[in-house]
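I opened my notebook to look up a few things in this structure.

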Amino acid sequence: MSRKFFGTDGVRGVANFEPITIENAMRIGMAAGTVIKRNGLPASAVIGRDTRLSGPMLGAALASGFCSVGVDVLSLSVVPTPTVAFCARRGYGIGAVISASHNPARDNGIKLLSHEGGKLPDALELEIEEAMFGEFETRPTGGSVGTIFMDRALVADYLAFLVSLVPERLEGMKVCVDAANGAAFQLAVTVLEELGAEVSLHFAGPDGMNINDHCGATHPSEVQRLTLSEGCDVGVAFDGDADRAVFSDDKGRLINGDRTMAIWGAHWNLDPPVVVGTVMSNSGFEHYLGSKGISLDRAKVGDKYVSERISSTGAKVGGEQSGHIIFPQHGPTGDGLVTMLELLRVLKRENRPSSSFFDDFSNWPQVLVNMRVADRATWAEQPGVEDAIAEAGARARVNVRASGTQPIVRVMVEAESEEDRDKAKDLIVKTLTDRAGGSIYGTVDLTNSLGE
């Protein structure tokens, strides 16, 4: 069956409107609970949420759905997504996160995690969707209904795990933290202070409606500005659910996911000597890794595909420019807090200013043009389009693809020189305009940005 609710990262939309209604939240809980029991998994779920105003409302409905089919629920309240992933691996049948990640506060979402802490297998997710549309004829009563309880003991275990990642500790380091008014606003400070760092904390006053509001990982200019103005050694900005992080060096320059992996990968003697990036990863990053004897394995855009390539290559790290990075030795999903600590540990071990790493390599000129087209399904079949992409590809590295979430085509072009980049970009844009009814929706210079 085709998916109606679940996308690549759960179900997401405006809270209290389709599909993010309390009715659907309850049915997701009922269906997920039914399916994990059917598949012999523990009849227990762990739920966490970010700081959105709608989170408790949706969480109550989701937890009620689980309980109504005999599944016990551990509620962690406000915690990062990776905390739920960590806890799910401690004997729970399923994990659930109520968050819309980097989206604005009016949005929310429900993401389900497997008992191993990663994304649900497609087959299990489809089984849950199918169960949502069925009848829940058998319902437990009396002592067989599920219970809801709150216990932060596993959160303390997660904190201890984080602290253990940096045996060198962080005394003498001043860290600027932009918590995005989101899920990491408490834990990030706690772990840094326990490791001995001095913390300059910002955007850590969530009111339910200010999550990601001109702050956080999608607005890195704020942490760059604050890191420089406050004389910090390094800055870190999380997104709303803290499954990713980006950084600022002490000169206020952006350290995105590519640069984070470059710093980390060059420090450690990687075995195998491979880092997983995506088709968007900059060739300057790739050439730098090559100079260190490390190859870059490119996956399609999306953490699901990065994870698949990590598994097939045996890589010790993989991720995206956006700062969503996976360290498989620590868990199967991106974790902004782990990413922060892995980078800070390298800085501590190297005893170098964060800005000195920025100068290790320069990115190639890279641009992304988002274009509306007359027909997203047939644009590539129009006369001349394939030839133009091939001709541009002889001059530059190009990636042209339809967006999976918006009615646009994304044109990424990168070359060693701006002249070659722009000539290749202009050829593709003109051809899509003339032959596929295209018009420019927006242009982003990705040379030193996140590559969103």
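A cavity here is a set of grid points where a 1.4 Å probe fits but cannot get out. Rolling a probe the size of a water molecule over the atoms shows where empty space is left. I note at once that the model is predicted.

**Entry 1: cavities**

I looked up how many cavities of 30 Å³ or more the structure holds. There are four. The largest cavity has about 120 Å³ of space. I found 14 residues in its lining. His330, Gly331, Thr333, Asp335 and Val338 lie nearest the centre of this cavity.

Which helix gives the most to the lining of the largest cavity? I wrote down α3, with three residues. Helix α3 spans 81-88, and α5 spans 153-164; each supplies at least two lining residues. By type, the lining of the largest cavity has nine nonpolar, three polar and two charged residues.

Next I took the second largest cavity, with about 80 Å³ of space. Its lining includes Asp9, Lys111, Lys119, Asp243 and Asp303. Thr81, Leu113, His324, Thr333 and Gly334 line the second largest cavity too. I sorted this lining into one nonpolar, four polar and five charged residues.

**Entry 2: phenylalanine 136**

I found phenylalanine 136 in the loop between α4 (122-132) and β6 (148-150). Is phenylalanine 136 buried or exposed? Its relative accessibility is 11%, so it counts as buried, the cut-off being under 20%. I then listed residues that phenylalanine 136 touches beyond four places away in sequence: Arg27, Met30, Ala31, Thr34, Val69 and Ala131. I also checked serine 68. It is 68 residues from phenylalanine 136 in sequence, yet the two C-alpha atoms are 9.6 Å apart.

**Entry 3: threonine 227**

Threonine 227 sits in helix α7, residues 221-229. I read a relative accessible area of 0%, so threonine 227 is buried. Where does its side chain reach? It reaches the backbone oxygen of valine 223, at 2.6 Å. Leaving out residues up to four places away in sequence, I noted that threonine 227 touches Cys176, Cys232, Val234, Gly235, Ser248, Asp249 and Asp250.

**Entry 4: helix α8**

I went along α8, residues 257-267, and found it mostly covered. How many of its 11 residues are buried? The count is 10. Among them are Gly257, Met261, Ile263, Trp264 and His267. I also looked at the N-terminal end of α8, which asparagine 256 caps. A side-chain oxygen of asparagine 256 lies 3.2 Å from the backbone nitrogen of aspartate 258.

**Entry 5: backbone angles**

Most residues other than glycine have a negative phi, and most peptide bonds are trans. I looked for exceptions.

I found a cis peptide bond between glutamate 18 and proline 19, with omega about 5 degrees. Proline 19 is in the loop between β1 (11-14) and α1 (22-38). I found another cis bond from aspartate 271 to proline 272, with omega near 5 degrees. Proline 272 lies in the loop between α8 and β12 (274-278).

Then I turned to phi. Serine 77 has a positive phi, near 65 degrees, and is found in strand β3, residues 72-78. Phenylalanine 203 also has a positive phi, near 55 degrees. I placed phenylalanine 203 in the loop between β8 (198-202) and α7. Its relative accessible area is 27%, so phenylalanine 203 is partly exposed.

How values were computed. Residues are numbered from 1 along each chain as its sequence is written. This is a predicted model: local features need pLDDT of at least 70, side-chain atom pairs count only at pLDDT 80 or more; totals for chains, interfaces and linings use all residues. Side-chain values use heavy atoms; hydrogens and water are left out. On a 1 Å grid over the protein atoms alone, a cavity is a set of points where a 1.4 Å probe fits but cannot get out, and a pocket is an open set with protein on both sides within 12 Å along at least five of seven lines; lining residues have an atom within 4 Å of a point. Grid points are joined across faces, edges and corners, and a volume is the space filled by probe spheres set on the points. Helices (H or I, at least four residues) and strands (E, at least two) are DSSP runs, numbered from the N terminus. Ala, Val, Leu, Ile, Met, Phe, Trp, Tyr, Cys and Pro count as nonpolar, Asp, Glu, Lys and Arg as charged, and the others, Gly among them, as polar. Buried means under 20% relative accessible area, exposed over 50%, partly exposed in between (1.4 Å probe, protein chains only). Contact means heavy atoms within 4.5 Å. A polar contact is a pair of N or O atoms within 3.5 Å; within protein, one must be able to donate a hydrogen and the other to accept it, and residues adjacent in sequence count only if both atoms are side-chain atoms.
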